[in-house]
Amino acid sequence: IYTERSIELVVAQLAVLKAGAAFIPLNPKTPAKRLRLIFEETKASLCLTKKKFYNKLQHYIDEKKTNIFTKLVCIDNLDPSIIDNINYSCNTSSEN
């Protein structure tokens with residue numbers, strides 16, 4: 001889930017867990033290089049984000065330039081049926 005701390009983040013987290021899946025919370029302030037690394041290591045099949053972050057995130061994980069094959073979905077108009085196959089991974093960093 002790629003969004004700032006907000007009520008939408010909490011709702012998205014609960015929706016993912018209710019669907020029996022899991023998530024990696026991603027902060028939009030995270031550097032692009034770190035985001036690419038997270039996506040490459042986790043092999044996440046789906047990333048929930050807001051419309052305002054969609055283009056920025058799409059640029060970071062462009063599959064023509066990287067080995068990242070993650071589908072981006074805007075939570076602004078989310079269809080609950082797409083959450084069926086979210087992969088769980090936990091990625092931590094010692095960076096603050």
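Select Thr-70 in this predicted model; the residue sits in the loop between H3 and S2. With neighbours within four places in sequence set aside, its contacts are Phe-39, Ala-44, Ser-45, Leu-46, Cys-47 and Ile-61. Display the side chain of Thr-70 next: it reaches the backbone oxygen of Ala-44 at 2.7 Å. Is Thr-70 buried or exposed? Its relative accessible area is 11%, and because buried means under 20%, Thr-70 counts as buried.

Thr-30 belongs to the loop that runs between helix H1 (7-18) and helix H2 (32-42). Its side chain reaches the backbone oxygen of Asn-27 at 2.8 Å. The relative accessibility of Thr-30 is 19%, and Thr-30 counts as buried.

Which residues of H2 are buried? They are Ala-32, Arg-34, Leu-35, Ile-38, Phe-39 and Thr-42. Around the helix axis they cover an arc of only 160 degrees, which puts them on the same side of H2. Colour Lys-33 and Glu-41 separately: these exposed residues are carried by the face of H2 turned away from its buried side. To see what covers the buried residues of H2, show the elements that include strand S1 (46-49) and helix H3 (51-60). After the end of H2, select Lys-43, which follows the helix and has a positive phi, near 55 degrees.

Now keep H2 and H3 on screen together. How do H2 and H3 pack, and at what angle? The angle is about 70 degrees, and the axes lie 10 Å apart. H2 is therefore roughly perpendicular to H3. On the H2 side the contact is made by Ala-32, Leu-35, Arg-36 and Phe-39, and on the H3 side by Leu-57, His-59 and Tyr-60.

How many aromatic pairs does a search of the whole structure find? The search finds one. The ring centres of Tyr-2 and Phe-53 are 5.6 Å apart and the ring planes stand at 90 degrees, so the pair is edge-to-face. Tyr-2 lies in the segment before H1 and Phe-53 in helix H3, so the pair ties together parts that are 51 residues apart in sequence. Both Tyr-2 and Phe-53 are buried.

Finally, return to a cartoon of the complete chain. Three helices and two strands make up the secondary structure elements of the protein chain, and read along the sequence they follow the pattern α-α-β-α-β. Colouring by accessibility shows the buried share: 43% of the 96 residues count as buried. Among contacts between residues at least 6 apart in sequence, 70% join residues at least 24 apart.

Notes
Residues are numbered from 1 along each chain as its sequence is written. This is a predicted model: local features need pLDDT of at least 70, side-chain atom pairs count only at pLDDT 80 or more; totals for chains, interfaces and linings use all residues. Side-chain values use heavy atoms; hydrogens and water are left out. Helices (H or I, at least four residues) and strands (E, at least two) are DSSP runs, numbered from the N terminus. Buried means under 20% relative accessible area, exposed over 50%, partly exposed in between (1.4 Å probe, protein chains only). A polar contact is a pair of N or O atoms within 3.5 Å; within protein, one must be able to donate a hydrogen and the other to accept it, and residues adjacent in sequence count only if both atoms are side-chain atoms. The arc is that of the directions from the helix axis to the C-beta atoms. Contact means heavy atoms within 4.5 Å. Rings of Phe, Tyr and Trp (its six-membered ring) pair if their centres lie within 6.5 Å; planes under 30 degrees apart count as stacked, over 60 as edge-to-face and the rest as tilted. Axes are lines fitted to C-alpha atoms, for helices over the stretch in contact, and angles run from 0 to 180 degrees between N-to-C directions. Angles under 35 degrees count as roughly parallel, over 145 as roughly antiparallel, 65 to 115 as roughly perpendicular and the rest as oblique.
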